[in-house]
Amino acid sequence: PAVHDSGFVIVNVSPAGLWIAPASDDNYVRVWDVRKGAPLSPPFRGNALPTAVRFLPDGHRIIITRPNRVAVIWDLAKTTAHQSGVEGEPTEKSTASVASVISPNGEYSVSFGVGQAVRVRRTSDHEPVAPPLRSTAPVSAVAFGPDSKFIVSGDAEGHVQAWTVNDGKAIWSAPARHASRILVIAISPDGSKVATSSDDNTIGLWDTRTGQPLIPAIRLGSS
């Protein structure tokens, strides 16, 4: 069996299903060959518990985010890493959940969860491709469009905005709104519609081009 010195907190599987990347509460991430049951590379250790581990679409790179606002892309083929901070005011004591999303083409990543801005970065070197995308409250959800040319972000106060990836410009003239925190954002396969869910117990459906609602908000039962 694959053995860590401490308990697992997160496990992610490579796109081809050949490797797994478990993170443990000793702050280590290890990558294992599923067929051989053996480590694929030396372990990667950070200074805080991982909050997210995700393989990029190419299968040989993983992005690791931690609550101390640091995101790392680890290239397994080269055993090298690119590191960057997450946008927002830094605090080493932060326990906020930092998450990452990867564009469908594997070229870009966004990490978020602790500040009022996010930044799109190249996965090749983790350098930013546009200025920070600023919201009015901490960003709580992000999704890439299917063509990887735009993202949609939502924040803790219910604002939703679409942005261009290459220059970081807002697509909608004004943010779409829910009454409370945005939980999940999903974009239709053709990129024409954005669906959002909020902890105000509503689901919204928006026109990607304009940010206007396509239907009245769907209200769910209380949680």
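Analyst: Let us begin with Val-101, which sits in strand β11, the stretch covering residues 99–102. Please keep in mind throughout that this is a predicted model.

User: Is Val-101 buried or exposed?

Analyst: Val-101 is buried, because its relative accessible area is 17% and the cut-off for buried is under 20%.

User: And what does Val-101 touch, leaving out residues up to four places away in sequence?

Analyst: With those left out, Val-101 touches Tyr-108, Ser-109, Val-110 and Phe-112, and also Val-142 and Phe-144. For Phe-112, the C-alpha to C-alpha distance from Val-101 is 8.7 Å, and the two residues are eleven apart in sequence.

User: OK, zooming out, how many helices and strands does the protein have?

Analyst: The secondary structure comes to 23 strands and zero helices. Of the 223 residues, 49% count as buried, and the accessible surface of the protein is about 10,800 Å², with 53% of that belonging to carbon and sulfur atoms.

User: What share of the contacts join residues at least 24 apart?

Analyst: That share is 35%, taken among contacts between residues at least 6 apart in sequence.

User: Switching to charges, how many salt bridges are there?

Analyst: The structure holds five salt bridges, and I can take you through some of them. Side chains of opposite charge can pair when their charged atoms come close. One of the bridges joins the side chains of Asp-58 and Arg-61, with an N to O distance of 2.6 Å, and another joins the side chains of Arg-122 and Asp-125 at 2.9 Å, again N to O. Asp-207 also forms a salt bridge, in this case with Arg-209, where the closest N and O atoms are 3.2 Å apart.

User: New topic: which residues form the nonpolar patch on the surface?

Analyst: That patch is formed by Ile-203, Leu-214, Ile-215, Ile-218 and Leu-220, which together have about 380 Å² of accessible area. Ile-203 is placed in strand β22, residues 202–207, and Ile-203 is partly exposed, with a relative accessible area of 31%.

User: Which side chain does Thr-202 make a polar contact with?

Analyst: The partner is His-178, and the polar contact between the two side chains is 2.8 Å. If neighbours within four places in sequence are left aside, the residues in contact with Thr-202 are His-178, Thr-196, Ser-197, Ala-217, Ile-218 and Arg-219.

How values were computed: Residues are numbered from 1 along each chain as its sequence is written. This is a predicted model: local features need pLDDT of at least 70, side-chain atom pairs count only at pLDDT 80 or more; totals for chains, interfaces and linings use all residues. Side-chain values use heavy atoms; hydrogens and water are left out. Patches are made of residues with over 30% relative accessible area and no salt bridge: like charges are joined within 9 Å, nonpolar side chains (Val, Leu, Ile, Met, Phe, Trp, Tyr) within 5 Å. Accessible areas come from the Shrake-Rupley method with a 1.4 Å probe; for residues, only the protein chains shown count as cover. A salt bridge is a side-chain nitrogen of Lys or Arg within 4 Å of a carboxyl oxygen of Asp or Glu. Helices (H or I, at least four residues) and strands (E, at least two) are DSSP runs, numbered from the N terminus. Buried means under 20% relative accessible area, exposed over 50%, partly exposed in between (1.4 Å probe, protein chains only). A polar contact is a pair of N or O atoms within 3.5 Å; within protein, one must be able to donate a hydrogen and the other to accept it, and residues adjacent in sequence count only if both atoms are side-chain atoms. Contact means heavy atoms within 4.5 Å.
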